[in-house]
Every structure is written in structure tokens, then in C-alpha cells.
Amino acid sequence: MLSKKYRLTKRGSFTFVYNKGERKSDGPLRLTWVAAKNLRIGFSVPNKVGKAVVRNQLKRRLRAVARQLLKKLRPAQIVVSAQPCAEKLSYEALYNSVCALFDKAKLWA
């Protein structure tokens with residue numbers, strides 16, 4: 001579980017990141033981020049990605065990946081959005097895709 005201080009939860013926070021942020025994509029995932037004082041990460045999985053069980057499972061896996069990478073990231077508000085083909089990816093493929101996105105965005109500390 002991603003601890004509460006690292007979560008991006010409010011609708012206004014997501015909207016701010018979407019409107020003001022920079023974007024990068026890597027296959028089934030899209031990364032939007034804005035530089036900030038604290039590191040906060042949010043996840044967006046649209047209704048096109050299967051039923052609720054599948055969407056929640058994908059969000060749990062993305063949170064687990066983010067938890068492993070927290071200490072290596074610089075402060076920013078980050079939103080990771082999944083595309084419909086992301087539901088078929090294994091944990092390792094998700095991990096590699098998220099790492100590639102952080103690499104493209106130069107978010108490593």
C-alpha cells in the first residue's frame with residue numbers, strides 16, 4: 001500500500017496536474033507530472049479498461065510499483081494513466097514501463 005502522504009487523491013489535484021503538467025507515454029501507460037515541493041502520485045484507470053475488479057487490480061499493481069520506486073524519485077505531483085491494453089500486462093512489464101516513463105520524464109532523484 002502506498003502511504004497516505006504520497007497519494008494524490010483530490011479531483012482538483014488531478015485536474016491541476018492534467019492542465020499544467022508535462023506528458024510522456026510508453027505503450028500502455030501515460031505519465032503526467034508537475035514539479036512540486038513534495039512527491040505525490042495518483043493513478044487513473046478509465047472505464048474502458050474492463051470491469052471494476054480489473055481496474056482495481058491494475059491500480060493495486062501500479063501502487064506497488066510506485067511504492068518500490070518512491071525513494072528514487074524527485075519531488076513532483078505525478079499522475080499515471082493506464083490505457084485499455086494495460087490490463088493484460090504482468091507486474092514485471094508494468095514495472096519496466098513505469099521505470100521507462102520516469103526515465104523519459106527525468107524524474108529520478
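The buried residues of helix α3 pack against β1, β2, α2 and β4. Contact here means heavy atoms within 4.5 Å. Buried means under 20% relative accessible area, with a 1.4 Å probe and protein chains only. This is a predicted model, in which local features need pLDDT of at least 70, side-chain atom pairs count only at pLDDT 80 or more, and totals for chains, interfaces and linings use all residues. Residues are numbered from 1 along each chain as its sequence is written, and side-chain values use heavy atoms, with hydrogens and water left out.

**Helix α3**
- Helices (H or I, at least four residues) and strands (E, at least two) are DSSP runs, numbered from the N terminus.
- Helix α3 covers residues 91-105 and has 15 residues.
- Its first and last C-alpha lie 21 Å apart, close to the expected 21 Å; that expected span is 1.5 Å times one less than the number of residues.
- L94, S97, V98, C99, L101, F102 and A105 are the buried residues of α3.

- Four strands make an open, mixed sheet in the order β1-β2-β4-β3; two strands pair if DSSP finds at least two bridges between them.
- β1 (22-26) and β3 (40-44) are at the edges with a single partner strand each, so one side of each has no neighbour in the sheet.
- β2 (residues 29-35) and β4 (residues 76-82) pair antiparallel over seven bridges.
- In this pairing, V34 stands opposite Q77 in β4.

**Helix α2**
- Helix α2 (residues 52-69) packs on the sheet and touches β2, β3 and β4.
- The direction of α2 makes about 155° with that of β3; axes are lines fitted to C-alpha atoms, for helices over the stretch in contact, and angles run from 0 to 180 degrees between N-to-C directions.

Definitions and conventions: Buried < 20%, exposed > 50% of the residue type's maximum accessible area, 1.4 Å probe, protein only.
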